[in-house]
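Please read them alongside the coordinates.

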Amino acid sequence: WCHCSAVLTSFAVLGLGVQPMIELEMNGQPRSSDEEEEDAAFELSTIMGIKQNQTAGEDLHLDGCNDKCRPAGSEALPRGIVSTKSNLEMQPLWDSVNQKQKQKRGLLAMTVGIKQKTLVDKIVNKFLNDGFVAMLFHYDGFSPEWEDLEWNDRVIHVSAMKQTKWWFAKRFLHPDIVGEYDYVFLWDEDLGVDHFNPAKYLTIVKEEGLEISQPALDPKSNIHHLITARRSGSRLHRRYYRRGKCEANNTSPPCLGWVEMMAPVFSRSAWRCVWYMIQNDLIHAWGLDFQLGYCAQGDRMQKVGIVDDEYVAHLGIPILG
């Protein structure tokens with residue numbers, strides 16, 4: 001209950017109303033409900049803002065406390081006008097907004113250069129067709145050269161010369177801005193997606209309870225860490241065994257609970273944690289992958305994994321990702 005100090009020792013639920021029998025401690029001054037039940041209920045609702053007429057089993061709503069839980073700077077605003085998060089949906093200038101439009105599955109955010117335009121076209125098409133929002137970070141200043149693509153006007157373009165994925169992510173993917181999306185795909189551009197379906201991927205991630213994940217890499221592609229290689233006949237895997245390095249008793253990354261930084265996928269909660277971990281001057285994020293376990297929202301050995309059923313090819317093209 002934030003900064004409010006209240007001790008609810010007991011209460012009785014009678015009929016349609018809540019008749020409290022409580023002891024309150026407000027600013028160090030104790031108050032006892034010795035008066036009639038009606039007066040006590042009225043005083044309680046006045047002091048704490050507790051809504052009456054709640055049926056048995058419903059939670060008490062402490063308006064007084066909630067006022068102190070508001071975002072800094074919004075305290076003077078009426079409660080109904082405060083909006084704590086946003087999204088990346090583009091709105092029409094004149095037509096009314098369709099409030100019932102289908103919620104997007106997630107967000108695809110990529111750093112891109114004009115040399116990989118063909119690869120990016122394939123990736124973006126797959127995600128847009130599956131109901132995702134796409135945001136492209138241009139690091140080479142050639143964003144106008146993408147205007148001939150059919151989907152160009154349906155994605156967000158951000159351009160800054162010679163900046164990496166993590167520079168863009170720290171500045172344009174604040175958790176409150178992307179808080180309406182269940183998952184954030186923060187990918188490099190040199191990936192082949194012939195064997196990847198975004199919707200099917202998320203189905204596996206949700207069923208397996210993964211908070212941080214990545215698609216497995218085609219064994220024929222450019223692989224830096226063997227834990228990321230796809231395992232045929234497997235739905236997903238969480239660890240890698242190698243004699244002398246990743247033995248059964250080794251639970252440290254990158255042997256267990258680890259993903260690479262080229263194609264990570266974060267749940268909403270995991271991304272909020274990761275965003276705070278990204279330092280403002282971070283460039284290539286080397287070593288950050290070994291710290292992602294802190295944001296796994298639980299046991300890293302269970303909440304972090306690599307999906308084999310939906311996999312990509314890492315082409316290993318020199319990029320500024």
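1. A polar contact here is a pair of N or O atoms within 3.5 Å, one able to donate a hydrogen and the other to accept it. Asn 197 supplies a case at the N-terminal end of helix α5, where one of its side-chain oxygens lies 3.0 Å from the backbone nitrogen of Ala 199 and caps the helix. The model is a predicted one.

2. Helix α5 covers residues 198-208, and its buried residues are Pro 198, Ala 199, Tyr 201, Leu 202, Ile 204 and Val 205. Just after α5 comes Gly 209, with a positive phi of about 70°.

3. For the chain overall, the secondary structure amounts to seven helices and 13 strands. Of the 321 residues, 43% are buried. Among contacts with a separation of 6 or more, 68% are between residues 24 or more positions apart. The accessible surface is about 17600 Å², and carbon and sulfur atoms hold 50% of that area.

4. How many disulfides are there in the chain? The count is two. A disulfide is a covalent bond between the sulfur atoms of two cysteines. One of them links Cys 246 and Cys 255, with an S to S distance of 1.9 Å. The angle about this S-S bond is -75°, which makes the link left-handed. Cys 246 counts as buried because its relative accessibility is 4%, under the 20% cut-off. Cys 255 is likewise buried, at 3%.

5. Cys 273 and Cys 295 form a disulfide with an S to S distance of 2.0 Å. This link is left-handed too, with -65° about the S-S bond. Cys 273 sits in helix α6 (residues 268-277) and Cys 295 in the loop between α6 and α7 (300-303), so the bond ties together parts 22 residues apart in sequence. Is Cys 273 buried or partly exposed? At 26% relative accessibility, Cys 273 counts as partly exposed, whereas Cys 295 is buried at 1%.

6. A last point concerns Ser 74, which is located in the loop between α2 (63-67) and β5 (107-112). Although it is a loop residue, Ser 74 is buried, because its relative accessible area is 7% and the cut-off is 20%. Ser 74 and Thr 84 are separated by 10 residues in sequence and by 9.5 Å in space, taken from C-alpha to C-alpha.

Methods. Residues numbered from 1 in each chain as written. Predicted model: local features only at pLDDT ≥ 70, side-chain atom pairs only at ≥ 80, totals over all residues. Heavy atoms only, no water. Buried < 20%, exposed > 50% of the residue type's maximum accessible area, 1.4 Å probe, protein only. Helix = DSSP H or I, 4+ residues; strand = E, 2+ residues; numbered from the N terminus. Contact = heavy atoms within 4.5 Å. Areas by Shrake-Rupley, 256 points an atom, 1.4 Å probe, with all protein chains shown as cover. Disulfide = S-S within 2.5 Å.
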